[in-house]
Amino acid sequence: MQKYRVAIVGLDRMASPIDQEAIDSSAITLPYSIAAACQGIESLELAAGADVLTEKREAFGKRWGVTALYEDYLEIIAQEKPDLVAICTKGELHAEMAIRVAEAGVPMIYLEKAMACSMLEADAVLKACHANNVFLNTGVLRRFDSRYRQARQWIARGEIGDLRAGVHFENRALYVWHV
């Protein structure tokens, strides 16, 4: 079986520590973090991590046994030659980083939500991925949340009537939570 080397950029919540938050959650199935998923999927090798904060790099390395740790996400690509880069930074950085990762020749990108902060940025990401023959997957994990799955079942069985529209209220930013 082929192993794909994964580098994670942005070593905060979704990259690693969210699993600790979700231990007692009935809505989330573990492993949930990107690092835990890498260790749980036989064809993936968690090879490296990058973050601008030293303490994030140190905590990530200690937690996952990763020694290839970088401050600069482009250096991680040049030095480690990953097959997949998971971008888990703040949403405002996603589009620019995804474009640069695609242009650097990484064959696969996992881009945490939100993909971009505008349709113009999203189009630029898609254009860069197409131009560089890069596979792109985005973080739209709500489909795995048991609450959303239950709602989907009710809709499919017609238990809540003929669906004409859906409204979802949440106290989080639209571009992060409602992908």
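This is a stop-by-stop tour of a predicted model.

**Stop 1**

Six of them form an open sheet in the order 3-2-1-4-5-6, with parallel pairing. Now colour strand 3 (69-70) and strand 6 (135-138). Both stand at the edges with a single partner strand each, so one side of each has no neighbour in the sheet.

Move to strand 5 and strand 6. They pair in the parallel sense over four bridges. Pick M108: F135 in strand 6 stands opposite.

**Stop 1: helix 4 on the sheet**

Show helix 4 (73-80). Helix 4 lies across strand 1, strand 2, strand 3 and strand 4. Against strand 2, helix 4 runs at about 135°.

**Stop 2: the nonpolar cores**

Show side chains for I76, V85, I87, V101, I109, L111 and V125. These have the most contacts inside the largest nonpolar core, which has 27 residues. Several elements give two or more residues to this core, including strand 1 (4-9), strand 2 (44-50), strand 4 (84-87), strand 5 (108-111) and helix 6 (119-131). Which element gives the most to this core? Helix 5 does, with six residues. In soluble globular proteins, nonpolar side chains tend to be buried together.

Centre on V85. Leave aside its neighbours within four places in sequence. V85 is then in contact with A7, V9, I77, V101, V106, M108, I109 and Y110.

**Stop 3: the salt bridges**

How many salt bridges does a search of the whole structure find? The search finds five. Side chains of opposite charge can pair when their charged atoms come close.

- Select E45 and R5. Their side chains meet in a salt bridge, 3.4 Å from N to O. E45 lies in strand 2 and R5 in strand 1, so the pair ties together parts 40 residues apart in sequence. E45 is partly exposed at 33% relative accessible area. R5 is also partly exposed, at 24%.
- Select K56 and D12. They form a salt bridge, with the closest N and O atoms 2.9 Å apart. K56 sits in helix 3 (residues 54-64), and D12 in the loop between strand 1 and helix 1 (18-21). The two are 44 residues apart. K56 counts as partly exposed at 26% relative accessibility. D12 is partly exposed too, at 39%.
- Select E112 and K113. Their side chains meet in a salt bridge of 3.3 Å, N to O. E112 is buried, with a relative accessible area of 2%.

**Stop 4: two lysines in loops**

Stay on K113. This residue lies in the loop between strand 5 and helix 6. Is K113 buried or exposed? K113 is buried, because its relative accessible area is 13% and the cut-off for buried is under 20%.

Now go to K90, in the loop between strand 4 and helix 5. K90 counts as exposed, because its relative accessibility is 57% and the cut-off for exposed is over 50%. K90 and G10 are 7.9 Å apart in space and 80 residues apart in sequence.

Definitions and conventions:
Residues are numbered from 1 along each chain as its sequence is written. This is a predicted model: local features need pLDDT of at least 70, side-chain atom pairs count only at pLDDT 80 or more; totals for chains, interfaces and linings use all residues. Side-chain values use heavy atoms; hydrogens and water are left out. A nonpolar core is a set of buried Ala, Val, Leu, Ile, Met, Phe, Trp, Tyr and Cys residues joined through side-chain atoms within 4.5 Å. Buried means under 20% relative accessible area, exposed over 50%, partly exposed in between (1.4 Å probe, protein chains only). Contact means heavy atoms within 4.5 Å. Two strands pair if DSSP finds at least two bridges between them. Axes are lines fitted to C-alpha atoms, for helices over the stretch in contact, and angles run from 0 to 180 degrees between N-to-C directions. A salt bridge is a side-chain nitrogen of Lys or Arg within 4 Å of a carboxyl oxygen of Asp or Glu.
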